[in-house]
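Hi everyone, thanks for coming. I'd like to walk you through one model today, so please have a look at the sequence and the structure before I start.

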Amino acid sequence: MGFDLMFSIVPVFIFIIFAIVIVGIITTAVRGVSQWSKNNASPRLTVEAAVVGKRIDVTHHQHANAGDQTGAHGYHTTSSTSYYVTFQVESGDRMEFSVSGAEYGMLIEGDRGRLSFQGTRYLGFERT
């Protein structure tokens with residue numbers, strides 16, 4: 001009796017977990033497309049601004065290795081780095097944008113110039 005109960009509950013539990021994962025993937029995709037669409041509909045603006053902050057976000061991911069010829073198993077780690085720069089415009093408002101590593105390296109806190117952006121999309125910064 002208990003064994004039959006397990007065979008009826010486990011498939012339901014697996015289906016629920018599968019459904020949660022699928023809903024999460026769909027939600028993330030819809031948010032991404034929605035933000036992309038909003039950015040495309042936003043005007044391209046160029047304003048006077050100053051670089052007031054920079055930050056890096058490094059994420060690490062650990063993956064299991066397949067066994068080698070000896071049957072040994074292990075792990076390897078990969079990492080990804082995201083670069084962010086905060087600008088302050090003349091009104092005092094601050095905006096943070098994701099930038100490339102090359103762009104991040106070229107910008108220094110205190111730089112002043114013309115910031116170009118479209119919605120949440122960084123287009124460039126030209127020092128004055």
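This is a predicted model: local features need pLDDT of at least 70, side-chain atom pairs count only at pLDDT 80 or more; totals for chains, interfaces and linings use all residues.

Residues are numbered from 1 along each chain as its sequence is written, and side-chain values use heavy atoms, with hydrogens and water left out.

Back to N39. Is N39 buried or exposed? N39 counts as buried, because its relative accessibility is 6%; buried means under 20% relative accessible area, exposed over 50%, and partly exposed in between, with a 1.4 Å probe and protein chains only. Leaving aside neighbours within four places in sequence, N39 is in contact with Q118, G119, T120 and R121, where contact means heavy atoms within 4.5 Å.

Q118 stands opposite R121 in β5. The hairpin has two residues between the strands, and G119 takes a positive phi near 65°.

Now let me step back to the whole chain. There are two helices and five strands, in the order α-β-β-β-α-β-β along the sequence. Both kinds of element are DSSP runs numbered from the N terminus: helices are H or I with at least four residues, strands are E with at least two. What is the radius of gyration of the protein chain? The value is 23 Å, whereas a compact globule of 128 residues would have one near 14 Å. That radius is taken over C-alpha atoms, and the globule rule is 2.2 Å times the number of residues to the power 0.38. The C-alpha atoms fill a box of roughly 75 × 40 × 20 Å along the principal axes. Of the 128 residues, 18% count as buried. Among contacts between residues at least 6 apart in sequence, 49% join residues at least 24 apart.

On to the other strands. β1 and β2 pair in the antiparallel sense over 15 bridges, with A50 opposite Q88 in β2. Six bridges join β2 to β3, again antiparallel. The hairpin of β2 and β3 has four residues between the strands, and G92 takes a positive phi near 100°.

Next, the core. How many residues does the largest nonpolar core have? It has 13, and those with the most contacts inside it are V85, F87, L107, L115, Y122 and F125. A nonpolar core, by the way, is a set of buried Ala, Val, Leu, Ile, Met, Phe, Trp, Tyr and Cys residues joined through side-chain atoms within 4.5 Å. The elements giving two or more residues to this core are β1 (44-64), β2 (75-89), β3 (94-99), β4 (112-118) and β5 (121-127). β2 gives the most, with three residues.

Not counting residues up to four places away in sequence, F125 touches A49, V51, F87, E103, L107, D111, R112, G113, R114 and L115.

That brings me to the aromatics. A pair of aromatic rings is described by the distance of the centres and the angle of the planes. Rings of Phe, Tyr and Trp (its six-membered ring) pair if their centres lie within 6.5 Å; planes under 30 degrees apart count as stacked, over 60 as edge-to-face and the rest as tilted. By this rule the count comes to six aromatic pairs. One of them is F87 with F125, a tilted pair at 5.3 Å centre to centre and 40° between the planes. This pair links distant parts of the chain, with F87 in strand β2 and F125 in strand β5, 38 residues apart. F87 counts as buried because its relative accessibility is 0%, and F125 is buried too, with a relative accessible area of 12%.

The rings of F97 and F117 have their centres 5.6 Å apart and their planes at 40°, so this pair is tilted. It also links distant parts of the chain: F97 is in strand β3 and F117 in strand β4, 20 residues apart. Both F97 and F117 are buried. Which residues form one aromatic cluster? They are F87, F97, F117, Y122 and F125.

Last, two charges over rings, meaning that NZ of Lys or CZ of Arg is within 6 Å of the ring centre and within 35 degrees of the ring normal. The charged end of K54 sits over the ring of Y104, 4.2 Å from its centre. For R55, the ring is that of Y84, with the charged end 4.1 Å from its centre.

How values were computed. Two strands pair if DSSP finds at least two bridges between them.
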